[in-house]
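Student: I have a model open on my screen and would like to learn how to read it. Could you walk me through some of its features?

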Amino acid sequence: MFTLHNGDGIQFMRSLQSQSIGAIITDPPYGLDFQGESWDSFIPEWIAEARRVAKIVAFTTAPTTQWDYPRPEWVNNWYRAGSTSRTSAGGFNHWSPVLVYGKVKFMVDTYVTAAALTGMQNKGIEHPSPKDLGLYRWLIDNTSSEGETILDPFMGSGTTGVAALHLKRVFIGCELKAEYFAVAEKRIKSAALSPALFTPSNNRVQRTGGESGQQNLFSAGEVLPAKVTRQSTRR
Ligand SMILES: C[S@@+](CC[C@H](N)C(=O)[O-])C[C@H]1O[C@@H](n2cnc3c(N)ncnc32)[C@H](O)[C@@H]1O
């Protein structure tokens, strides 16, 4: 089951009840002007609201930006073996911290990605920074159980949603930009239609409104006990 929202993820979280989400697994803007993208020009104020609505919050950020967040309960590490070396000037590195709030059952603290594999896997995804699918499967697997709800308030091309559906979680995703939302919607619908997941309990499709063309809120199942407000995609 999944619900996708083409709008502001922070505003969406404000509409949710406290502790109503199993885990927020996300990849927020780092505030590093990645490829000159306007959405990456600052770190939004989202973490307090995320901690209010979710039992666990886990997300990637850059080595230099982890200090912009409150002290986490744990820090994990996403290591990209073989990726192009970056310098301090760019604010990126071969590794990224994964900040974790809440009690989790992590068994190991490092997830290693073969950069070439991620490159192949992400070919054709129309987003400047699609993340590694295996990383998000690992995060979801270690922070939640089957049937629990995963929210990604900054879903980009929808990687978290694909991983969540693979692992039989309920997924809710928000993305501000209509063009990225369309990419996420396509990927997530496709993941939902994979035979292993196509069961009578999760194959209902209901359109509940939209701003980008006809479809900015796509629902295949239940919506949380929350009011979803339509948002502008402009910033
Ligand atoms: C780092 S990218 C996420 C990439 C994603 N993990 C993937 O694999 O494609 C962050 C995304 O957050 C979106 N964004 C920024 N501010 C937002 C907001 N307030 N609400 C919803 N989405 C937002 C951006 O448009 C961008 O696509």
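Predicted model: local features only at pLDDT ≥ 70, side-chain atom pairs only at ≥ 80, totals over all residues.

Student: How is the packing of two helices described?

Tutor: Two packed helices are described by the angle between their axes and the distance between the axes. Axes are lines fitted to C-alpha atoms, for helices over the stretch in contact, with angles from 0 to 180 degrees between N-to-C directions. Helices (H or I, at least four residues) and strands (E, at least two) are DSSP runs, numbered from the N terminus. Here, the axes of helix α4 (residues 133-141) and helix α5 (residues 159-166) come within 9 Å and cross at roughly 55 degrees.

Student: What does that angle make α4 relative to α5?

Tutor: Angles under 35 degrees count as roughly parallel, over 145 as roughly antiparallel, 65 to 115 as roughly perpendicular and the rest as oblique. α4 is therefore oblique to α5.

Student: Which residues make the contact between α4 and α5?

Tutor: Two residues are in contact if their C-beta atoms, placed from the backbone, lie within 7 Å. On α4 these are Leu133, Tyr136, Arg137 and Ile140, and on α5 they are Thr159, Thr160, Val162, Ala163, Ala164 and His166. For classes, Ala, Val, Leu, Ile, Met, Phe, Trp, Tyr, Cys and Pro count as nonpolar, Asp, Glu, Lys and Arg as charged, and the others, Gly among them, as polar. The contact of α4 with α5 then divides into 6 nonpolar, 3 polar and 1 charged residues.

Student: How do α5 and α6 cross?

Tutor: The axes of α5 and helix α6 (residues 178-192) come within 9 Å and cross at roughly 10 degrees, so α5 is roughly parallel to α6. Gly161, Val162, Leu165 and His166 of α5 meet Ala184, Arg187, Ile188, Ala191 and Ala192 of α6. By class, this contact of α5 with α6 has 6 nonpolar, 2 polar and 1 charged residues.

Student: How many residues surround the ligand?

Tutor: A residue is near a molecule if its C-beta atom, placed from the backbone, lies within 6 Å of it. The ligand is surrounded by 21 residues, the closest being Asp27, Phe154, Gly156, Ser157 and Thr159. Its shell has 10 nonpolar, 6 polar and 5 charged residues.

Student: Is threonine 110 buried or exposed?

Tutor: A residue is buried if 20 or more other C-beta atoms lie within 10 Å of its own, exposed if 12 or fewer, and partly exposed in between, with C-beta atoms placed from the backbone. Threonine 110 is exposed because it has 12 other C-beta atoms within 10 Å. This threonine 110 is found in strand β6 (residues 110-114). Leaving aside neighbours within four places in sequence, threonine 110 is in contact with Asn76, Asn77 and Tyr79.

Student: Where does serine 18 lie?

Tutor: Serine 18 is in the loop between α1 (9-14) and β2 (21-26), and counts as exposed because it has 9 C-beta neighbours inside 10 Å. The C-alpha atoms of serine 18 and arginine 51 are 33 residues apart along the chain and separated by 8.7 Å.

Student: What is phi of glutamine 19?

Tutor: Phi of glutamine 19 is near 60 degrees, a positive value in a residue other than glycine. Aspartate 33 also has a positive phi, near 55 degrees, and is partly exposed, with 15 other C-beta atoms within 10 Å.

Technical notes: Residues numbered from 1 in each chain as written.
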